Amino acid sequence: MPHIVFNNEKNIETPFQRDGVSFNFCAKSFNFTKEDRRTEYKIGVNYENKDFLLTLKDKGENKMLKVDKVTRVTPVTLVKDALNAYSKELDANIVFSNTNSFSQKIEPKKEYLKDIEYFVNDFKTNKEIQIEIGFGSGRHLLHQAKKNPNVQFIGLEIHTPSIEQLLKQLKIQEIENVLVVNYDARLFMEFINSNKVGKIFVHFPVPWDKKPHRRIYSNEFIDEALRVLMPKGTLELRTDSRKYFDYCTELLTNLNSGRITIDINKDLEVSSKYEDRWKKQGKNIYDVVLECQREDEDIDLKHDFSFGKINLEKFKEIISNKPMVDENFFIHIEDLFLLEEPNSGLIEVTFGSFNRPLSKYIYVKNNKASYYQGTPLPTSANIKAHERLKEILK
Ligand SMILES: C[S@@+](CC[C@H](N)C(=O)[O-])C[C@H]1O[C@@H](n2cnc3c(N)ncnc32)[C@H](O)[C@@H]1O
């Protein structure tokens, strides 16, 4: 992480500009969490149309300036330039700096690798969609994509080397109908429109015998799967784990909008790396296919994440660092930084779902609050957490 350690006493006032970097505000820690915590500042930066924060705090006898990790931006040269510009304005007596030694890492072009924001804001297709969850080596996904050129495939994985490997194969084999997302499959489907998906493959998911809450299948997952599946669309589990098979069969039995089919040791056209291993060991392979028998209303992916009028003074009185925990979401106020103007500052908060918490800053100016660096993704947990936060800040 680029940072600068220096030992000046000089204070500089915001806003100012230096070397094309705008330093817009400086907020001071309110210290409601730890009694003996030293003062820390958050400096609001805008550079090349990107907003981010720098943290200025004591480090022994000296001071340290670095990027605030919640608001980190790429490429890292933006941060480096901002740190250098601030220290020049300060005429800093530099003790340590690593802001010049960074090699500029250029990301290779990965046109099939998409951010989750792409699915929220831009993704549209007239084709049938099929999704593979946890594609691993990608053998099954590549096979399906080649065989069905008119289907738009979406591959979900959280293991980066598997993603890299699949992207390479897509290029080598000139396959163009696969989009890849590095995102937790349990949350991804919230961003797909209803009745658009023909098949969802879940092949050899991690059985998580000791931590069942981490399993892909749950009542909520099945309900979302049924929503995105078109009538007669299928959710297909293939597993070598008897326990996982029993667990899923129980969840899927007696659903009033789905019908299940069960098979043991059924042969597919392609065998995955895991499957080969289990077959060699003589293990049974179980299939449970759920066929969707319902049609759903479309969902609205636009949510209004505004706050209305808030009351920062009152919030200062009630603020506590105890997390607020609800059934499907939580809110944890991490910190508060105040600007010199009254009713203005930055609230640092972590909230949303337990599986994928989101850290954000809320920028408040004259009691008008908005999310710094843009609004959260409209997941149901984020929406619920936001609505609760709005109540708290009122
Ligand atoms: C046991 S491997 C099976 C891989 C592949 N389907 C096969 O049959 O060879 C399970 C894969 O699921 C991925 N995975 C686990 N949890 C996931 C999640 N919540 N969302 C997306 N992928 C996940 C893992 O990274 C891993 O690559």
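The model is predicted, with local features needing pLDDT of at least 70 and side-chain atom pairs counting only at pLDDT 80 or more, while totals for chains, interfaces and linings use all residues. Residues are numbered from 1 along each chain as its sequence is written, and side-chain values use heavy atoms, with hydrogens and water left out.

**Overall build**
- The chain holds ten helices and 20 strands, where helices (H or I, at least four residues) and strands (E, at least two) are DSSP runs numbered from the N terminus.
- The C-alpha trace spans about 75 × 45 × 40 Å along its principal axes.
- Of its 394 residues, 48% count as buried, that is, under 20% relative accessible area, with exposed meaning over 50% and partly exposed in between (1.4 Å probe, protein chains only).
- Among contacts (heavy atoms within 4.5 Å) with a separation of 6 or more, residues 24 or more positions apart account for 69%.

**Second largest pocket**
- Of the 32 residues that line the second largest pocket, Gly 134, Glu 157, Phe 204, Pro 205 and Val 206 are the closest to its centre.
- At least two lining residues come from each of strand S9 (128–133), strand S10 (151–157), helix H4 (160–172), helix H5 (185–188) and helix H8 (273–280), and H8 gives the largest share, four residues.

**Largest cavity**
- The count comes to one cavity of 30 Å³ or more, and the largest cavity has a volume of about 40 Å³, a volume being the space filled by probe spheres set on grid points that are joined across faces, edges and corners.
- Its lining consists of His 203, Glu 236, Leu 237, Arg 238, Lys 266, Leu 268, Asp 287 and Val 289.
- Strand S13 (229–239) and strand S15 (286–292) each supply at least two of the lining residues, with the largest share, three residues, coming from S13.

**Ile 264**
- Ile 264 lies in strand S14 (residues 258–264) and counts as partly exposed because its relative accessibility is 47%.
- Leaving aside residues up to four places away in sequence, Ile 264 touches Asn 284, Ile 285 and Tyr 286.
- Ile 264 and Gln 152 are 112 residues apart along the chain, and their C-alpha atoms are separated by 29 Å.

Methods:
On a 1 Å grid over the protein atoms alone, a cavity is a set of points where a 1.4 Å probe fits but cannot get out, and a pocket is an open set with protein on both sides within 12 Å along at least five of seven lines; lining residues have an atom within 4 Å of a point.
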